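Q: I have a structure open and want to learn how to read it. Where do I begin?

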Amino acid sequence: MKYWLQYSKGGNLRFIGHLDMLHSWERILRRARVPLAFSQGYSPHPLLSLAAPLPVGLISQAEYLELVTTEAVPNLTEMIAVAVPSDIRVAGAVAVPDKTKPLMGLIRYADYLVEGIAEGQRAQLEKTLADFLGQTSVIRTVRRKSGMKRVDIRPLVHFAHLQGTTLRLRLSIGSVANLRVEDLLQHLDLIPSSLQIAREQLYLDVDGKAVTPFQYAAATGTALEG
Amino acid sequence: MQHILSQVEKPARYLGNEWNAVRKDHQGRITLALAFPDVYEIAMSHLGLQILYHVANQREDTVAERVYAPWTDMESLMRQHCLPLFALESKRPVREFDLVGFTLQYEMSYSNIINMLDLAGIPILARDRGNEHPLVIGGGPCVYNPEPLADFFDFFVLGDAEEVLGEILDAYAQAKSAGWSREQTLLSLSQISGVYVPSFYEVQYHDDGTIASVQPKADVPPVVTKRVLAELKPEYFPSKPVVPYLGTVHDRLSLEIFRGCTRGCRFCQAGVIYRPVRERSREDLVALAEAVLRATGYNEISLMSLSTMDYSDLAALVDDLLAKFGCDHVKLSLPSLRIDSFSIEQAKKVKQGRTGNLTLAPEAGSQRLRDVINKQVTEEDLLQAVSGAQAEGWRSVKLYFMIGLPTETEADLEGIFDLAKKAAWAHRYVKQPGKPMRVTASVAAFVPKPWTPFQWEPQDSMYVLEQKQLFLRELFSKDRRLTLNYHGAELSFLEAIFARGDRRLGRVLLEAHALGCRFDGWSEHFAFDKWMQAFAAAELDPTFYANRRRERDEVLPWDHLSPGVSKEWLWKEREAAWQLAVTPDCRSAHCSVCGVCQHLPVTTRLAKE
């Protein structure tokens, strides 16, 4: 059975990187005695993946773990609750058809909430932001695995609202187009390490519309569980 | 703190929020900081401190927390922000704890201990500490000669700590409630068997620099003998060890299957100080493994001991563990293999998929030298084992050797190359078809250690060691299938100095600390020049400690301490070495009267007779 699990990651777990987090999930699920399914082959590994890497230093309200079990686990969230550290809260789980494509490949957008912008920076930021949003193309050099690369980041920003000292963003994320929130903040002359950044939600794209993984699962006819 | 953490390379080292980390209110409790003088990934791989964390936290009246050496990036930020060394769980400054216990695993971590005391704001010298400061305690293998650290520690604890820790905490609780002075408290602690308070002993020197005498200055025992557990009870084993988020060196369940080793290799200190062999029962081990797997979610069990293949019921234990946990995809790993076909058979049972490296330790290149060191392994054993491994699909083997062993000649060095070459072609020696193996010979420089039959021997000079390395390099360059690894002789030289050093070396450690020495076990931080500068400043000759032969009747800096094994037995073993006489393992042959079972209330304890 394939499940998508939604959870929040807070507190000091913000300092735990993506791979360490994935590794921790295996341990959590083992402690919870969830019957994990394993890959075939020479060195079997549990069929687990995280929907989108969360940069170190960020907290998140909506992370998604995809897992495959050898049998149906109707009380999955209850089982896991006793084995997770207090900085993780499991919001729910949904069973999806086995043939559903990996969630990792389906995610297209992410919402971020950026807090802690200094009062004195507000006016300047408002101007920089308006200027940025007013353009149709903004080329910026960003770091990629393969090295530095010039990317048009404007189409990757779907909205950016400044309200008081809080900035709300929706950015492209995933395998098709990706903009790191830190890159955008730097472009806006902000220092990411001085801000509190939370990821609020992840979305798939259905006919040009952003839908959450759980909405997608419900729409494709799978019953919600847990 | 958050701001500092976001600037360091690996913040997870300093969070203290791991699964199974123990958080207790400090109010009204004895506070114990368990310190490991190296970085998180190394410290968290150490079973000993997890045992003490477990034993201390089992007590209602005690809270034990962890503290490790901050990496250099963190240290700079801490110093910049005047943030003192803190314990991971509560983030409380270490200097506010009642007790700070360091584990002494390795001589080259001594500079980190001093740096940690400095970062904590605890006076570095024990004599400068007052009632408001913690008592600084040392334990672990290096306490069998802790003299270079004597000035920095309030007391040391010799031997298995599981039981004596409770006695120390009881005595401390009494001293605390009675409001005793530091001196009174230490005097009371010194009456506990296994506790050594160095400030109560006075060392006198001869003009030639050797020791004239070590005398008690107070009412303390003239010789402090180690504590030893007659039985490794399961309740002392950490059933809920702290699970790191960060990948550590040993990121798995470490299951200690026995303590002690009586094979009697004459260079090996662990083979003396942890005597005798005490095995856990197979039933206890399976039950412990199950409990720890459930409490941690680990996917691998490593069977830990000084020589895992020697566990008396190993084949059945491996079968039991595989049967019970194999279907949950829990791997089993055997960290050390003996050179025989039995070991290969066990390794084959636990191997999954592609075979990794096979590691074997013949230690010396010739039968003569193996007899000198009492390593009871023949060339035939090695070739049988390697060819057996080859038949099971292994393609590479790593062989551990030492150079600079007592009585070594050029023929012994050539023997290393010959043995490596023969191992590569092992299948031919057993007349089997096959392809040659890749062989890596890893060659360490011999470091004479206290409490071994070679404790009187000089270490080869750095020049001689380097010549020997060059000689081997020349030989190994002739065969592309063979790889040779060795480390710089400088580190081995310093290890030899501190392993058999005396109290005067405390001056060197202070100088080295002032020069910025730390993380000496890390090649990127090791600064040999600074150490030599420190020796010059302290006006001490390093070769006096590393390269000098001791006389039989010389007072050694550690003579007033005892692991139970007698000095006479060590000398007898030394004599036997020169006569190429082999001393068999007392588990399978007669007792050689090393002294442990004669002096201490303990005897060899096997799972299966």
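A: Start with one helix. This is a predicted model. Take helix α9 of chain B.

Q: How many residues does helix α9 of chain B have, and how far does it reach?

A: Compare the span with the expected one. Helix α9 of chain B covers residues 282-296, which is 15 residues. From its first C-alpha to its last it reaches 21 Å, close to the 21 Å expected at 1.5 Å a residue. After α9(B) comes B:Gly297, with a positive phi near 80 degrees.

Q: How do I read the interface of two chains?

A: Count the contacts, then look at the area. Here 22 residues of chain A are in contact with 26 residues of chain B. The buried area between chain A and chain B is about 2,200 Å², and carbon and sulfur atoms give 54% of it. A:Phe15, A:Arg27 and A:Arg31 supply 31% of the area that chain A buries against chain B, more than any other three residues.

Q: How many salt bridges does the rule find across the interface of chain A and chain B?

A: First, the idea. Side chains of opposite charge can pair when their charged atoms come close. Now the case. The rule finds 1 salt bridge across this interface. A:Arg27 pairs with B:Asp251, and the closest N and O atoms are 2.9 Å apart. Polar contacts are counted as well: 7 residue pairs between chain A and chain B. On the side of chain A that touches chain B, 10 residues are nonpolar, 4 polar and 8 charged.

Q: Is A:Asp111 buried or exposed?

A: Use the cut-off: buried means under 20% relative accessible area. A:Asp111 has 10%, so it is buried. A:Arg170 has 18%, so A:Arg170 is buried too.

Q: Where are B:Arg259 and B:Glu162 in chain B?

A: B:Arg259 lies in strand β11 (residues 258-259), and B:Glu162 in helix α6 (residues 161-178). They are 97 residues apart in the chain. Yet they form a salt bridge, with the closest N and O atoms 2.7 Å apart. B:Arg259 is buried at 9% relative accessibility, and B:Glu162 is buried at 6%.

Q: What about B:Lys324 and B:Glu290?

A: Their side chains meet in a salt bridge at 3.4 Å, N to O. B:Lys324 is in helix α10 of chain B and B:Glu290 in helix α9, 34 residues apart. B:Lys324 is partly exposed at 38%, and B:Glu290 is partly exposed at 26%.

Q: Which residues do salt bridges with shared partners join into one network?

A: Follow the partners from pair to pair. The network holds B:Asp160, B:Glu162, B:Glu256, B:Arg259, B:Arg278 and B:Arg280. Over all chains, the search finds 56 salt bridges.

Note on methods
Residues are numbered from 1 along each chain as its sequence is written. Chains are lettered from A and ligands numbered from 1 in the order in which they are written. This is a predicted model: local features need pLDDT of at least 70, side-chain atom pairs count only at pLDDT 80 or more; totals for chains, interfaces and linings use all residues. Side-chain values use heavy atoms; hydrogens and water are left out. Contact means heavy atoms within 4.5 Å. Buried area is the accessible area (1.4 Å probe) that two parts lose on being put together, summed over both. A salt bridge is a side-chain nitrogen of Lys or Arg within 4 Å of a carboxyl oxygen of Asp or Glu. A polar contact is a pair of N or O atoms within 3.5 Å; within protein, one must be able to donate a hydrogen and the other to accept it, and residues adjacent in sequence count only if both atoms are side-chain atoms. Ala, Val, Leu, Ile, Met, Phe, Trp, Tyr, Cys and Pro count as nonpolar, Asp, Glu, Lys and Arg as charged, and the others, Gly among them, as polar. Helices (H or I, at least four residues) and strands (E, at least two) are DSSP runs, numbered from the N terminus. The expected span of a helix is 1.5 Å times one less than its number of residues. Buried means under 20% relative accessible area, exposed over 50%, partly exposed in between (1.4 Å probe, protein chains only).
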